[in-house]
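Q: I have a model open and want to learn how to read it. Can we go through it feature by feature?

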Amino acid sequence: MTTNLLIDIDEESGIATARSYFTVLQALSDLPLQTIVAGRYADRFDYVDGHWRFADRQVTIDLFGDVSRHLRHTPR
């Protein structure tokens, strides 16, 4: 979940920045819903050929929970 998005656009330089917070939640059949990671994004965009393009992302993790079962693939 991404929240509190703040975008600053500098049209003259063709650069925009965005800051936001993220929270990753997880629930499994044997695991109640819980926050497993929370942090911040700092993004930069460049205006190229009439279009805004994603240029860079810095991720800061502020809270780290139990991710031992996150993004694990179980064969069927």
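A: Start with one side chain: Phe-22 is buried, at 7% relative accessible area. Buried means under 20% relative accessible area, exposed over 50%, and partly exposed in between, using a 1.4 Å probe and protein chains only.

Q: What should I know about the model and its numbering?

A: This is a predicted model: local features need pLDDT of at least 70, side-chain atom pairs count only at pLDDT 80 or more, and totals for chains, interfaces and linings use all residues. Residues are numbered from 1 along each chain as its sequence is written, and side-chain values use heavy atoms, with hydrogens and water left out.

Q: How do I read the sheet, and what is the strand order?

A: Strands of a sheet pair through backbone hydrogen bonds, either parallel or antiparallel. Strands are DSSP runs of E, at least two residues, numbered from the N terminus. Two strands pair if DSSP finds at least two bridges between them. Here, 4 strands make an open sheet in the order 1-2-3-4, with antiparallel pairing. Strand 1 (2-10) and strand 4 (51-64) are the edge strands, and each pairs on one side only. From one strand to the next, the twist averages 20 degrees. That angle is taken between N-to-C directions, from 0 to 180 degrees, with axes as lines fitted to C-alpha atoms.

Q: How many bridges join strand 1 to strand 2?

A: The count is 7, and strand 2 covers residues 15-28. Leu-6 stands opposite Arg-19 in strand 2. The two strands form a hairpin with 4 residues between them. In that turn, Gly-14 has a positive phi of about 75 degrees.

Q: How do strand 2 and strand 3 pair?

A: They are antiparallel, over 13 bridges, and strand 3 spans residues 31-48. A hairpin of 2 residues joins strand 2 to strand 3.

Q: How many aromatic pairs does the structure hold?

A: Rings of Phe, Tyr and Trp (its six-membered ring) pair if their centres lie within 6.5 Å; planes under 30 degrees apart count as stacked, over 60 as edge-to-face, and the rest as tilted. The structure holds 3 such pairs. One of them is Phe-22 with Tyr-41, stacked at 4.6 Å centre to centre with 25 degrees between the planes. Phe-22 lies in strand 2 and Tyr-41 in strand 3, so this pair ties together parts 19 residues apart in sequence. Tyr-41 is buried, at 18% relative accessible area.

Q: Why is the pair of Phe-45 and Phe-54 edge-to-face?

A: Because the planes stand at 75 degrees, with the ring centres 5.5 Å apart. Phe-45 counts as partly exposed, at 22% relative accessibility.

Q: What lies over the face of Tyr-41?

A: A charge sits over a ring if NZ of Lys or CZ of Arg is within 6 Å of the ring centre and within 35 degrees of the ring normal. Arg-57 does this for Tyr-41, at 3.7 Å from the ring centre.

Q: Which side chain joins Asp-43 in a polar contact?

A: A polar contact is a pair of N or O atoms within 3.5 Å; within protein, one must be able to donate a hydrogen and the other to accept it, and residues adjacent in sequence count only if both atoms are side-chain atoms. The side chain of Arg-57 joins Asp-43 at 2.7 Å. Asp-43 is in strand 3 and is buried, at 8% relative accessible area.

Q: Is Ser-20 buried or exposed?

A: Buried, at 6% relative accessible area. Ser-20 is in strand 2. Contact means heavy atoms within 4.5 Å. Leaving aside neighbours within four places in sequence, Ser-20 is in contact with residues including Thr-3, Leu-5, Gly-39 and Tyr-41.
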